[in-house]
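Me: I would like to learn how to read this structure. Please take me through it feature by feature.

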Amino acid sequence: MTTSPLSKLSRYEQGTNLYVKNIDDIVNDEKLKEMFAEFGDVTSSKVMMNPEGLNKGFGFVSYSKPEEALRAMNEMNGKMIRRKPLYTAFSQRKEEMRTHLQTMLSHM
């Protein structure tokens, strides 16, 4: 299944993608999907891995509807998974994140 750049862009705008941080070492793509499936239709889940195949501690979960993503974000943020509290937020493109961080730093 190929995803066009336009459909990726529309998913960002719709708020259906979540960034998940503090993922325990034993979590893989399938386990991440299982953890977030109770909140709606998970269209994709991905745990980022290093070149050695080890979990980097963060990943992404996409939902079919913004309401599902919002509910998952609210319910899963701070939830203890094994020994780590998860951090969940809406995913942002690098440019958006960079602009946001620059704005925050300029106010300090």
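**Salt bridges and what lies behind them**

Reply: Four salt bridges are present in the structure. A salt bridge is a side-chain nitrogen of Lys or Arg within 4 Å of a carboxyl oxygen of Asp or Glu. This is a predicted model: local features need pLDDT of at least 70, side-chain atom pairs count only at pLDDT 80 or more, and totals for chains, interfaces and linings use all residues. Residues are numbered from 1 along each chain as its sequence is written, and side-chain values use heavy atoms, leaving out hydrogens and water.

Me: Which side chain forms a salt bridge with D24?

Reply: The general idea comes before the case. Side chains of opposite charge can pair when their charged atoms come close. Here R83 pairs with D24 at 3.6 Å, N to O. R83 sits in the loop between β4 and β5 (84-85), D24 in the loop between β1 and α2, so the pair ties together parts 59 residues apart in sequence. Helices (H or I, at least four residues) and strands (E, at least two) are DSSP runs, numbered from the N terminus.

Me: Is D24 buried or exposed?

Reply: Buried means under 20% relative accessible area, exposed over 50%, partly exposed in between (1.4 Å probe, protein chains only). D24 is buried, at 2%. R83 is exposed, at 52%. R83 also meets D25 in a salt bridge (4.0 Å, N to O).

Me: Which residues of α2 are buried?

Reply: Start with the helix itself. An α-helix has 3.6 residues a turn, so residues three or four places apart point the same way. In α2, the buried ones are L32, M35 and F36. They lie on the same side of α2, because their arc around the axis is only 85°. That arc is taken from the directions from the helix axis to the C-beta atoms.

Me: How many residues are in the largest nonpolar core?

Reply: A nonpolar core is a set of buried Ala, Val, Leu, Ile, Met, Phe, Trp, Tyr and Cys residues joined through side-chain atoms within 4.5 Å. The largest one has 18 residues. Among those touching the most other members are L32, M35, F36 and L86. α3 gives the most to this core, with four residues.
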